[in-house]
Structure formats: structure tokens, C-alpha cells
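This briefing covers the strand pairing, the chain contact and the confidence of the model shown below. Points are grouped by topic.

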Amino acid sequence: MLKILKYSFYDLMRSRWSYVYFAFYLLLGVVLLFLNNDLSKAVITLMNVIIVLVPLIGTIFGVMYYYNSKEFTELLLAQPLKRSSIFLGQYLGVAISLSMSLVLGLGLPFVFYGLFKSSAIWDFSLLLITGTFLTFIFTALAFNIALSNENRIKGFGYAILLWLFLAIIYDGIFLMSLILFEDYPLDKLSLFGTMLNPIDLSRTLILLKLDISALLGYTGAVFKQFFGTSFGLVVSFVALLLWILLPVSRMIFKSKRKDF
Amino acid sequence: MVNIQDLYKKFGKNEVLSGVNLDIGEGGIFAVLGPNGSGKTTLIKCLLGMVIPNKGTISVLGSNIKNGSAYRRKIDYLPQIANFPSNLKVKELITMLKDLRGKTMVDKDLINLFKLEPFLDKKLGNLSGGTKQKVNIVLAFMFDSPLIILDEPTSGLDPISLIRLKTLIETEKAKGKTILITSHIMSFVEEVSDEIVFLLEGKIYFKGSINELKTKTNQPDFEHAIASILTENHA
């Protein structure tokens with residue numbers, strides 16, 4: 001598996017897209033710091049961008065990589081290699097190189113701005129950690145979609161739909177249901193609903209860490225009670241981890257039964 | 001060498017293999033023939049574990065292929081369509097495969113044989129179809145495995161390379177290897193193969209030597225013998 005990982009990683013490192021992605025984050029970090037002139041404010045703005053953009057790029061890139069490396073995969077399948085290691089290697093190659101672009105691209109400007117002397121370092125680290133989690137989650141989801149769809153156009157379509165649903169539509173439905181059932185106690189439901197969507201979960205985690213949960217009103221208080229504790233934090237990270245493990249295990253399961 | 005029992009494979013509603021039984025002994029060149037869509041490539045891909053059969057067992061060199069991927073170390077495979085990662089250089093692809101499968105010494109000789117030195121630093125995406133096929137052949141013969149599977153090895157090759165390929169196949173055969181070939185070029189098959197396996201509608205229609213086929217179909221030459229099978233069954 002490590003050899004496949006190595007080759008996928010090198011392949012991606014040589015492709016233009018990793019640099020574009022890296023340069024984009026570098027630029028984003030520099031511009032935000034320049035405009036905000038304040039580390040913790042830049043972190044908040046950055047959160048909004050990361051929460052939406054990282055999943056999108058993970059999904060598109062994952063689907064694109066899978067379809068583009070079809071030939072490479074077929075070549076590997078005829079070699080004495082396990083299917084699980086071929087696909088796991090490719091998945092990790094994509095996810096790691098994307099995470100590296102994210103962490104380095106955003107990290108460098110912040111480090112040069114004096115992150116290590118600032119109190120925002122923990123908030124910023126949490127931002128990068130959730131960003132990395134989101135990259136791993138959405139790349140795994142993308143690989144699942146690509147494995148199940150031979151047709152590229154369909155695969156891309158489903159991937160975009162998935163992103164749209166989790167990043168935007170889910171929130172809409174969630175809010176609607178909160179308004180619809182406002183006469184009932186909703187704290188449990190909203191907690192549960194947040195856990196089911198990795199994007200929402202990451203957003204909540206960061207917002208609470210940034211201590212602006214007052215913006216969320218009553219729900220914010222409930223959330224603070226849950227996520228603010230170390231128990232809540234552990235549960236959230238377990239939920240994010242599950243969001244990686246479940247798609248990855250389906251990917252391995254599916255790849256073992258697929259004809260090439 | 002290869003033992004296939006009661007092999008079934010369906011793609012959706014399309015049944016491609018319906019009960020293939022095949023026993024291939026050690027040494028010699030076996031040609032798998034059949035009209036388009038008769039399941040030749042599917043059969044080969046089943047052997048390689050790329051296509052997973054619905055039913056049936058396949059064993060290669062005595063081990064069931066379901067028990068892991070290590071048996072593929074004993075197989076060299078030349079795919080039908082030479083699709084390679086297009087942003088890799090020829091040299092890098094060869095190094096990569098050597099890294100994945102282990103050391104080999106014969107790659108230099110093969111590159112020499114097919115005159116590929118000027119292309120080593122070129123990207124695979126920029127090569128012509130015939131040159132890609134030559135790279136494909138080099139990769140397939142590089143590891144000196146006891147079983148060699150060639151799916152349409154002649155496609156896109158110029159006459160000199162075709163002659164070189166034939167010599168290469170003969171030398172490999174002389175080493176006692178088992179070689180499985182599919183091809184639509186009947187003259188090529190007639191020249192190189194010891195035994196033929198004819199697939200028709202997902203079943204083995206005939207297995208035996210070319211002379212046996214000629215007697216069976218009452219035809220004086222090989223090409224007509226094959227044609228007569230096809231007309232009899234599709235007329």
C-alpha cells in the first residue's frame with residue numbers, strides 16, 4: 001500500500017492542481033491577514049471559507065483523480081497487489097496531498113504573521129485539523145461515488161450534488177425543521193442533526209472554540225454545554241472519525257466486488 | 001497450469017461466460033479464439049482477478065485465485081488496449097513496475113530488441129499507438145513469469161516489430177513457459193500456436209490442435225475452418 005501511496009502522492013505533487021490549490025490558500029491567508037490586520041478575526045473569516053471550500057475541493061479532486069487514474073489502476077490490478085491496498089493507497093495519496101496544500105498554504109502566512117506568539121494558535125490549529133478531517137471525509141465520499149459510477153458525467157454530477165446537499169441544503173432543511181417544530185424541545189434533535197453532517201459538525205466545533213456561541217442564542221447555550229466539555233469534544237472527533245472510516249470501509253468493500 | 005471450472009459471468013443481463021471448463025497444461029502456446037464479444041477478454045480478466053466471476057473456480061499453478069493476490073506474481077499480462085498514465089515517462093513506468101514487482105534484468109534487452117531507447121524520456125501520453133504497444137510488450141515480458149497472457153499482442157505493430165514479437169514468443173516458449181494468446185490475425189495464430197481454444201457464446205466450442213480443427217470442419221485451411229464455425233453458428 002505504501003508504494004501505491006508513494007506513487008499517487010508523487011503523481012499529484014507533480015500535477016499543476018496541487019500547486020494551484022496551494023497557491024490559492026497562500027493567497028487567501030495573506031489577503032485575509034492583510035485586510036483584517038488581526039489574527040483572530042482572520043481565523044473567523046477563514047472558517048467560513050474553509051467549511052464550504054475544503055469539502056468542495058475534496059469532492060471534485062477525489063472524483064477527478066479516480067477517473068483520471070483509471071489506466072493506472074488497471075495496470076496495478078494485474079500486478080500482485082491487493083485491491084484494498086491499491087485503492088487505499090490512492091485515496092491516501094489524494095487526501096494527504098490535499099491536506100498538505102491546505103495546511104502549508106494557510107499555515108505559512110499565519111506563521112510569518114506571528115501565529116506562535118498569538119493566542120489564536122489553538123483556534124487556528126483546530127481550524128486546520130477540522131479542515132484536514134473534511135478533506136479526508138470528502139475525498140473518501142468522492143471515491144465512493146466514482147467507484148459506483150462508470151459514467152464520469154454522472155459521477156461528477158452526484159459528487160456536486162452531495163456537496164451541495166451537505167454544505168447548503170442540509171442546513172436549510174435543518175432550519176426549517178427547527179422552525180416547524182419550535183413548540184417542542186429541540187436541543188437533542190439539533191445536537192443529533194449537527195452530528196450527522198460533517199460540515200455542520202466542524203462549523204459548530206470551531207464556532208464554540210472561538211467563543212462566539214452567544215451568536216447562536218439558546219441552541220448555542222445547549223451546544224456550549226455539550227461541545228464545550230471535553231466529553232463533547234471527544235464525541236465530535238469520534239463522529240468525524242466515523243465519517244472517514246465508514247466511507248473508506250465501503251470503498252474497500254465496493255472495490256473488492258467491482259469488475260474492471 | 002491453469003484450471004477453470006464451471007465459470008459463469010454476467011454483466012447486467014448480458015451473459016458473457018456461461019459454463020466455461022478449461023484445463024491448460026504446462027508449456028506451449030495456447031490461442032484463445034472467438035468472434036467479437038465471445039468473452040475472450042472477460043475470460044482472461046477473470047484469470048487475472050480483474051473481473052470477478054459469478055460462479056466457478058479458477059486455479060493458477062495449483063492455487064485458487066480467490067486466496068489472495070500473490071499468484072499474479074507468476075503471471076505476465078499484456079492488456080488489449082495499451083492505456084498508461086499519460087503524464088509518466090516510459091522510464092519511470094518501467095522503474096515503477098520494477099519497484100512494485102521486484103528486480104529484473106531483461107528489461108534492457110527488451111528495450112534494445114524493440115528499439116525503444118529514444119522514447120525512454122518521453123511521456124507515455126505523447127507516444128504513437130504502435131510505440132505504446134511496444135512499451136506494453138516490454139512491460140509484459142519483463143518479469144520472466146511462467147505464465148504469459150497476451151491479449152491482442154499484434155495490434156498496431158509494424159512488420160519488423162511483429163517478427164521480433166514472434167521470435168520473442170518462440171524463445172519464451174522454448175524456456176518451457178505457458179503462453180495464452182488472443183488474436184484476430186489468423187495467420188499469426190496459425191504460425192505461433194500449438195493448440196487453440198475456441199470460445200463461442202460463452203462456452204468452449206472447440207479445444208485442440210489446428211489439424212484437429214481442420215478435420216472437424218472439413219476445411220483445407222485454418223482461416224476457412226474458423227469461418228465455417230462462425231457461419232454454421234450464426235447463419
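Two strands count as paired if DSSP finds at least two bridges between them. The structure is a predicted model, and by that criterion strand β9 (residues 195–200) of chain B pairs with strand β3 (residues 28–33) of chain B and also with strand β10 (residues 203–208) of chain B.

**Strand pairing in chain B**

- β3(B) and β9(B) run parallel and are joined by four bridges.
- Within this pairing, B:Leu33 has B:Phe198 of β9(B) as its bridge partner.
- Five bridges link β9(B) to β10(B), and here the sense is antiparallel.
- B:Leu200 is bridged to B:Lys203, which belongs to β10(B).
- β9(B) and β10(B) form a hairpin with two residues between the strands, where B:Glu201 adopts a positive phi near 50°.

**Contact between chains A and B**

- Chain A contributes 16 residues to the contact, and chain B contributes 17 residues.
- On the side of chain A that touches chain B, α1 (2–14) and α4 (70–77) of chain A each provide at least two residues.
- The largest share of that side, five residues, is supplied by α4(A).
- Sorted by class, the side of chain A that touches chain B comprises eight nonpolar, six charged and two polar residues.

**Confidence in chain A**

- Chain A has a mean pLDDT of 86, with 96% of its residues at 70 or more.
- Among the elements of chain A, helix α6 (residues 121–148) has the highest mean pLDDT, 92, whereas helix α10 (residues 217–227) has the lowest, 69.

Key: Residues are numbered from 1 along each chain as its sequence is written. Chains are lettered from A and ligands numbered from 1 in the order in which they are written. This is a predicted model: local features need pLDDT of at least 70, side-chain atom pairs count only at pLDDT 80 or more; totals for chains, interfaces and linings use all residues. Two residues are in contact if their C-beta atoms, placed from the backbone, lie within 7 Å. Ala, Val, Leu, Ile, Met, Phe, Trp, Tyr, Cys and Pro count as nonpolar, Asp, Glu, Lys and Arg as charged, and the others, Gly among them, as polar. pLDDT is the predictor's confidence in each residue, from 0 to 100.
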